[in-house]
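Hello,

Here is the structure I promised to pass on to you. My notes follow below it.

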Amino acid sequence: MKIRLNIGAISEPLQSEQFKTGDWGTEWSFVDREKCTACRVCEQFCPDGCIEVKEIEGKEVAVVDHNYCKGCGVCASVCRYGAIKMELKELFKVDVC
Amino acid sequence: MLIEVRFHGRGGQGVVTAADFLAIAGFKEGYYTLSFPTFGAEKRGSPVASFLRISDEPIVVRDEIYNPDYVVVLDPSIFEAVNVTSGLKESGMLIANYPKSSEDLKAFLKTNSKVLTINATKIAMKILGRPTTNTTMVGAFAGATGLFKLETLKETAEEFFEGPLKERNVLAIEEAYRYMKEVCR
Amino acid sequence: MKKVVRGFYSVAYAVKLCKPNIICAYPITPQTEIVENLALMYANGELENCKYITAESEFAAASILVGASAAGARTFTATCSQGLILMSEVLFNAAGMRLPIVIVNTNRALSAPLSIWNDLQDSMALRDAGIIQVYVENNQEAHDMVPQAYKIAEDKRVRLPFMICMDGYKLTHAYEPVDLLDQNVVDSFLPPYSPEVYLTTKKPVAFGCYAPPHIYMEFRVAMQRAMERAKEIMEKVFADWAEVSGRNWGGHLEVVYPDSKNFVIAMGSIVGLLRKVVEELRNEGISVGLVKLRTFRPFPVQELRKSLENAEKIIVIDRSVSFGYEGNLSIELKSALYGMSPEVISFILGLGGRDVPKDFLKELVKNAILGKEKSGFKGFKEFEEVIP
């Protein structure tokens with residue numbers, strides 16, 4: 001089957017949504033909803049744009065999309081409220097056979 | 001004799017370094033060696049591969065390795081993203097950083113080749129304090145294949161690394177080497 | 001001393017041994033680590049009588065070297081792809097001013113689309129600049145080429161820029177054993193650079209001045225004659241090098257199995273793969289030889305005509321294309337063989353780093369010899385053009 005080739009290497013927007021980068025890295029960031037003030041600093045700093053402040057159960061909190069989170073830790077280091085922790089993925093926690 | 005090895009892992013784990021390290025060690029063992037990476041994906045976390053050829057004659061071919069004798073996997077989460085056993089010879093061997101048993105991985109990959117696993121992330125976290133599994137897997141590869149003497153690897157590490165990294169990497173290599181020697185006994 | 005090193009290091013180390021006075025570069029993948037290594041050597045005080053200048057672009061880097069070289073300095077830079085193209089305005093000048101700047105070009109594809117991977121399109125674009133071009137097969141050859149480049153370029157009968165073309169990634173990023181030269185070997189081979197004329201307040205001169213129609217053409221004829229002289233001088237330098245280093249890379253060409261009926265011709269690192277392919281095809285009873293073209297400018301026409309005089313079929317492996325015509329090496333070769341009548345089949349492959357597997361290349365060459373494969377691009381996916 002022939003592939004489709006946009007001449008001029010013209011790229012349409014939002015292509016990167018197809019590339020799920022969440023399995024990169026060994027850690028993911030997790031937000032403590034109690035401590036989160038929805039200040040949006042992490043949202044601004046996330047290099048992959050995969051943190052979004054959303055309303056959950058009546059409270060605005062930062063939500064990390066683990067489909068894309070590469071575990072870089074920038075959000076955890078910029079959070080002024082200690083609300084974001086980096087945690088080792090389950091896969092890396094399993095003990096040796 | 002020509003031995004072809006393919007390394008899989010993710011940017012930042014030292015996939016390229018692993019092949020380079022063994023190219024230097026192989027030369028010390030008296031072989032001609034050539035190592036090179038797949039290029040461009042110098043992004044931490046993205047899947048990368050690198051290649052190693054070891055031969056008793058000068059190596060002239062520089063194409064990527066499609067039918068490896070050995071595959072070394074540095075990252076346990078890569079099996080769904082990359083077909084690591086692609087082209088692996090039936091007589092060949094897969095040596096993987098994987099927290100479960102060799103049988104588990106062999107069944108998961110549905111391969112006829114020999115499979116050996118080691119929890120390299122755990123060893124690396126314990127000794128290096130970070131999940132950089134290259135030296136651990138270098139030790140595991142040498143232990144499993146018997147292609148390199150432990151002494152040669154240590155000597156290479158002495159030259160290759162600087163500062164406190166040197167000693168810790170030697171320890172990681174040694175622990176993995178001995179573990180694999182034990183498994184293969 | 002034989003050591004396993006990266007391609008970058010093999011070049012940087014050789015440059016250091018040639019004792020350059022000015023190194024000036026702008027980083028570009030896959031060249032960067034060459035000048036990174038040199039910057040480290042410079043910072044460690046290993047480069048005497050040398051200044052390492054960081055430039056704000058390749059255009060600036062080349063411009064600085066033009067000034068430095070005109071002032072009598074031995075100069076070095078490394079670049080590739082867009083960097084080389086950005087340098088081009090200056091490099092044409094450098095050739096016209098007859099400045100022996102040595103450039104290592106780590107061959108990389110040109111944009112667009114953006115590619116950082118290897119093919120030969122960049123140096124091919126500088127084909128007509130008046131720069132000597134030599135393509136190397138491995139990192140040892142790259143290492144050995146550096147002192148030879150200075151010796152040839154700085155010869156007063158030549159005085160032209162010299163570009164060593166080495167495949168980006170395939171060579172630059174590869175670790176392999178390289179016999180690193182001793183300082184005394186290089187010193188005995190390469191004298192210090194002392195041009196008869198250079199920019200100095202004691203005896204002021206200007207380089208590359210204005211030439212109206214009554215005199216411009218003569219300068220260009222002089223450049224052509226310098227290239228022609230370079231062809232002979234290079235042969236001599238190559239032979240001297242074989243003596244000094246014990247490594248003989250051949251002349252402008254290396255011909256493997258010269259008595260064959262069919263030949264494959266290529267440049268750069270893919271030659272290694274072709275050595276194996278030719279070996280395997282001969283084991284199958286096919287009469288095929290290999291021509292490794294080392295010197296692309298000046299183009300060794302007579303040597304090619306002689307080596308290929310009994311060839312029935314020639315397969316050209318190109319890794320660049322002149323759009324609207326065909327592969328660059330193929331164009332050059334056909335022109336060189338004018339009046340002879342071998343069948344020439346030209347394959348363009350491996351563009352933008354597309355890997356060329358040995359088995360694929362072997363099938364191509366075999367089928368071409370058997371008359372089952374036509375010229376053209378090989379190893380690409382069929383596609384449909386879409387205007388989004």
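**Domains of chain C**

In this predicted model, the C-alpha centres of domain 1 and domain 2 of chain C are 27 Å apart. Domain 1 of chain C covers 2-245 and domain 2 covers 253-377, with bounds from an automatic or database domain assignment. Between them, 27 residues of domain 1 of chain C are in contact with 20 residues of domain 2 of chain C (contact: C-beta atoms, placed from the backbone, within 7 Å).

On the domain 1 side of chain C, α5 (121-125), β6 (132-135), β7 (162-167) and α8 (213-245) each supply at least two residues (helices are DSSP runs of H or I, at least four residues, and strands of E, at least two, numbered from the N terminus). The largest share, 5 residues, comes from α8(C).

**Where chain B meets chain C**

This contact takes 18 residues from chain B and 20 from chain C. On the chain B side, α1 (15-28) and β2 (32-37) give two or more residues each, and β2(B) gives the most, with 6 residues.

**Confidence and conventions**

Chain B has a mean pLDDT of 92, and 96% of its residues reach 70 or more (pLDDT is the predictor's confidence in each residue, from 0 to 100).

Residues are numbered from 1 along each chain as its sequence is written, while chains are lettered from A and ligands numbered from 1 in the order in which they are written. As the model is predicted, local features need pLDDT of at least 70, side-chain atom pairs count only at pLDDT 80 or more, and totals for chains, interfaces and linings use all residues.

Best wishes

How values were computed. Contact = placed C-beta atoms within 7 Å.
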